[in-house]
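Please keep the sequence and the coordinates at hand while reading.

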Amino acid sequence: MSLESTCAPKAARVFTDDERQALHDVIAHRRDVRNEFLPDPVAPEVLRRILMAAHAAPSVGLSQPWDFILIRDPGMRARVKALFEAANAQAAAMFPEEKRSQYAALKLEGIETAPLSIAVTCDRSRGGEVVLGRTHQRDMDLYSCVCAVQNLWLAARVEGVGVGWVSIVEEAALGPLLGLPDHVRVVAWLCVGYVRDLFDGPELEARGWARARALDAHIREEHW
Ligand SMILES: Cc1cc2c(cc1C)N(C[C@H](O)[C@H](O)[C@H](O)COP(=O)(O)O)c1[nH]c(=O)[nH]c(=O)c1N2
C-alpha cells in the first residue's frame, strides 16, 4: 500500500438520527457528581473504556501529554480530602458574608465517598522542546488534557459512572503528595464511581447558588 493511499481520507461515517440524538442526550445528562457515589468498585473493563475515550481526545501536535493516575488508596484520598478542607475554608472566607453560609452548606467533593479518584496529569515535557501547535501558545498541552477530561466525563456517563471534578485543592500541594516531578502538573482531580441518582440539571442551580445562562446569551456575530 502506498503512503498516499494510507494517508488519503476515506468517506466520513454518517451517523443516524438516533445516534446523533444519543450523543446530545449524553452531553445533556452529564453531571458533576459530589454526593451520589455508590461504594462499588468500577469494573476493570468499564474503566478501560472510559480511559480509552479520554486517551482518544485531541491533543496539540498529537503529543498526548496526559497520564491517568488511579488512586484507590484510602490513605491518599484522606490526605487529599484534608487539602480540600483547608482550601475550602479559605474559599468560604473569600465570598461575601451573605453567601458564606450558603457556600458552607454546599457539598463540593466526593473524594472519600467515591471508590476511585483519577488524577489527570500533564507532562509538560511530552513531545520535546518544540511541539507542533504549542510553540506560540504554551498552555495548549494543559488544554489538551482538559479535552481528555471531557471525553472521560462523557464516556463515564454512558457507563452509569459519575465523575466529580475537585479543584478546591492547592495544586502546588498535590504534585508533591503524589510524588510527581516538577514538570508534571495535576490538571484535574476526578472522583469516580457508579451512581444511581443524578440531578436533572446542574446541582449548583438546583441549590440556588448559580444560574445557567441560555446559549443565545453567549453567541455574538460580529463583522469587521
Ligand atoms: C474545571 C472545573 C473545575 C470544577 C468543576 C468543573 C470544572 C469544569 N466543578 C463542577 C462544576 O461546578 C459543574 O460542572 C457546574 O456547576 C455545572 O454542573 P454540571 O457539571 O452540569 O452538573 C466543581 N464542582 C465542585 O463541586 N467542586 C469543584 O471543585 C469543582 N471544580
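Predicted model: local features only at pLDDT ≥ 70, side-chain atom pairs only at ≥ 80, totals over all residues.

**Packing around Leu152**

Leaving aside neighbours within four places in sequence, Leu152 is in contact with Ile50, Ala53, Ala54 and Val163.

Helix pair H3 and H6
- The axes of helix H3 (residues 44–55) and helix H6 (residues 140–158) come within 7 Å of each other and cross at roughly 145 degrees, and the crossing is right-handed.
- On the H3 side the contact involves Arg49, Ile50, Ala53, Ala54 and His55, which meet Ala148, Asn151, Leu152, Ala155 and Ala156 of H6.
- By residue class, the contact of H3 with H6 divides into 7 nonpolar, 2 polar and 1 charged.

Nonpolar core
- The largest nonpolar core has 35 residues, and Val120, Leu152, Ala156, Val163, Trp189, Leu190 and Val192 are those with the most contacts inside it.
- At least two residues of this core come from each of H3, helix H4 (74–94), strand E2 (116–123), H6, strand E3 (161–166) and strand E4 (184–194), with E4 giving the most, 9 residues.

Whole chain
- The secondary structure comes to 8 helices and 4 strands, which follow the pattern α-α-α-β-α-α-β-α-β-α-β-α along the sequence.
- Of the 224 residues of the chain, 25% count as buried, and the C-alpha atoms fill a box of roughly 65 × 50 × 45 Å along the principal axes.
- Among contacts in the chain with a separation of 6 or more, 86% are between residues 24 or more positions apart.

Terms used. Residues numbered from 1 in each chain as written. Axes fitted to C-alpha atoms, helices over the stretch in contact; angles between N-to-C directions. Left-handed = near helix turned anticlockwise from the far one by under 90°. Contact = placed C-beta atoms within 7 Å. Nonpolar A, V, L, I, M, F, W, Y, C, P; charged D, E, K, R; others polar. Core = buried A, V, L, I, M, F, W, Y, C linked by C-beta atoms within 7 Å. Buried ≥ 20, exposed ≤ 12 C-beta atoms within 10 Å, placed from the backbone.
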